[in-house]
Amino acid sequence: MSTFINKTGSIFILLTLLVSCSMDRYPLTDFGEDEFFTSEENAKLAIIGLYRGDMVFNEPEYTPKDWWGYGANVLLDGVTDIGYDRRGFTNPIGQITSGGLLADNNNTTPLYTAPFTRISACNRFLENIDRLGDSDEVLRMKSEARFIRATSYFYLTSYFHDVPLVKEPLTAEESNNVKKATRAEIIKFVVDELTEISELLPRHKDLPASELGRATSQAALVFLARTYMLNKEYKEAAAVCKTIIDWNENQLHDNYQTLFYPAGKSSSEHIFAVHLVDNLAGYALPQHAYPIKDAGWCLVNGSSHLYEAYEFRDGTPFSYEDARFNIDNLGADRDPRLDYTLIYNGATFRGSTYICHPETNSVDKIGAGQATQTGYLLRKFFDESWTGDLNRYGGITPIARYAEVLLMYLEAEMEAGTVITQTLLDKYYQCSKSPCGYA
């Protein structure tokens, strides 16, 4: 969030001091809201805390701590058919797909508990901010807290279905006796909240550069469309996506590769994203993902399924039998997003060649110690000109992009029974064959 959110590290030191000053006067289970919620500036510190949630900065995120952290948005690709965690099927990520998933899995448990931490904080924020009056900034912060609470419930009901629906602070006794709401009740709450919030939050065009990362109307609408899609209400989802498209305030970035670099944070394609800052509030994705030659841990492995999904440059399906397949250059004549996303044997990464062939003596050869297990490692997100602490990279974690809106609109129309004509594809399926490499 630039100057608003990117000072997270310093601000949370201040918040800690503010809380500790009152520890001799308030029970440890309570927060001194009557002392804290005395100004809009203090309320802004609190809203930053709501955005942050349980995300980890300046150290490795060994387990997913929050739905908006890189652990959930990148590392958990290891449970899908496009990724693989090189630690295999005995670690908690591998157990999710190997049949060994248990209730105490430390990669899934936080993704249930973290949203409730946010929800509790949002409820307390909303209970106390009214004492500051009804200025435009107060109304906006209330809307942001409701946005964060509603998106937390979106994630909860998406993955855990029936969960407690808590809309106000609870006492310890009340929290121990709360009942689950049905998924239908959760979805109705999320839809109602996001519909109203979308009319209260500022539009993307009105967001100052210094506030990038704060929620906008478009951000609320993206999550609203996702909720409709989750509930198979396709006409409603299409209408919401069409609203964002018709506003014409977001566009596809002109370079897919740099969109995910720190320099791409200001792109209007990013409807909602977590913005990090070198050293102050960075993340350790480079430490997790870099090859051994660059002091990384090689954890984020692409699968052969992902490699094969990238078509040839002319749009025809990839095949190992095609004469254009080049074993000495695995990205030759392919969709350019392949080279922007993965590194493979013989590719240049950070100024030197990545060698993973199992018959070499390279430190990165497949199967050797902590090296890759598939041969494909992550290039996406990394500005290779950057040098710094691998645990403090000021990158970006995209949460919602305009490209998703275009594709979700077409999917919703198709699911609703609309005939997808070439005219419709030409209008909304942008850049499918252009150098920007979108599909």
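This is a friendly dialogue on how to read one predicted model.

Colleague: What percentage of the residues count as buried?

Modeller: Buried means under 20% relative accessible area, exposed over 50%, and partly exposed in between, using a 1.4 Å probe and protein chains only. Of the 439 residues in this chain, 51% count as buried. The areas come from the Shrake-Rupley method with a 1.4 Å probe, and for residues only the protein chains shown count as cover. The chain exposes about 19900 Å², and carbon and sulfur atoms supply 51% of that.

Colleague: How do I read a single helix, such as α4?

Modeller: An α-helix has 3.6 residues a turn, so residues three or four places apart point the same way. The expected span of a helix is 1.5 Å times one less than its number of residues. In this model, α4 has 13 residues and reaches 18 Å from its first C-alpha to its last, close to the 18 Å expected. Its buried residues include Asn-42, Leu-45, Ala-46 and Tyr-51. Just after α4, Gly-53 takes a positive phi of about 60°.

Colleague: Which strands make up the open sheet, and in what order?

Modeller: Two strands pair if DSSP finds at least two bridges between them. Four strands form an open sheet in the order β1-β5-β9-β6, with antiparallel pairing. At the edges are β1 (83-85) and β6 (342-343), each of which pairs on one side only. Strand β5 (residues 300-302) is joined to β9 (residues 376-378) by two bridges, and Gly-302 stands opposite Tyr-376 in β9.

Colleague: How many bridges join β4 to β10?

Modeller: In a regular strand the side chains alternate between the two faces of the sheet. Five bridges join β4 to β10 (residues 396-401), and the two run antiparallel. His-270 stands opposite Arg-401 in β10. Strand β4 (residues 270-275) is mostly covered, with six of its six residues buried.

Colleague: How many salt bridges are there?

Modeller: A salt bridge is a side-chain nitrogen of Lys or Arg within 4 Å of a carboxyl oxygen of Asp or Glu. By this rule the count is 24. In one of them, the side chains of Arg-118 and Asp-66 meet at 2.7 Å, N to O. Arg-118 lies in helix α7 (residues 109-129) and Asp-66 in the loop between α4 (40-52) and α5 (70-73), so this pair ties together parts that are 52 residues apart in sequence. Both Arg-118 and Asp-66 are buried.

Colleague: Are Asp-85 and Arg-87, which also form a salt bridge, buried or partly exposed?

Modeller: Asp-85 is buried, with a relative accessible area of 6%, whereas Arg-87 counts as partly exposed at 33%. Their closest N and O atoms are 2.7 Å apart. Salt bridges can also link up: Glu-137, Arg-140, Glu-144, Glu-211 and Arg-214 form a network of them.

Colleague: Which side chain makes a polar contact with that of Arg-149?

Modeller: A polar contact is a pair of N or O atoms within 3.5 Å; within protein, one must be able to donate a hydrogen and the other to accept it, and residues adjacent in sequence count only if both atoms are side-chain atoms. For Arg-149, the partner is the side chain of Asn-123, at 2.8 Å. Arg-149 is found in helix α8 (residues 136-160) and counts as buried at 6% relative accessibility. Contact in general means heavy atoms within 4.5 Å. Leaving aside neighbours within four places in sequence, the contacts of Arg-149 include Ile-119, Leu-126, Val-166 and Phe-189.

Colleague: And where is Tyr-256 found?

Modeller: Tyr-256 is in helix α13 (residues 256-259) and is buried, with a relative accessible area of 7%. A polar contact of 3.4 Å joins its side chain to that of Lys-380. Tyr-256 and Tyr-340 are 84 residues apart in sequence and 7.7 Å apart in space, C-alpha to C-alpha.

Methods. Residues are numbered from 1 along each chain as its sequence is written. This is a predicted model: local features need pLDDT of at least 70, side-chain atom pairs count only at pLDDT 80 or more; totals for chains, interfaces and linings use all residues. Side-chain values use heavy atoms; hydrogens and water are left out.
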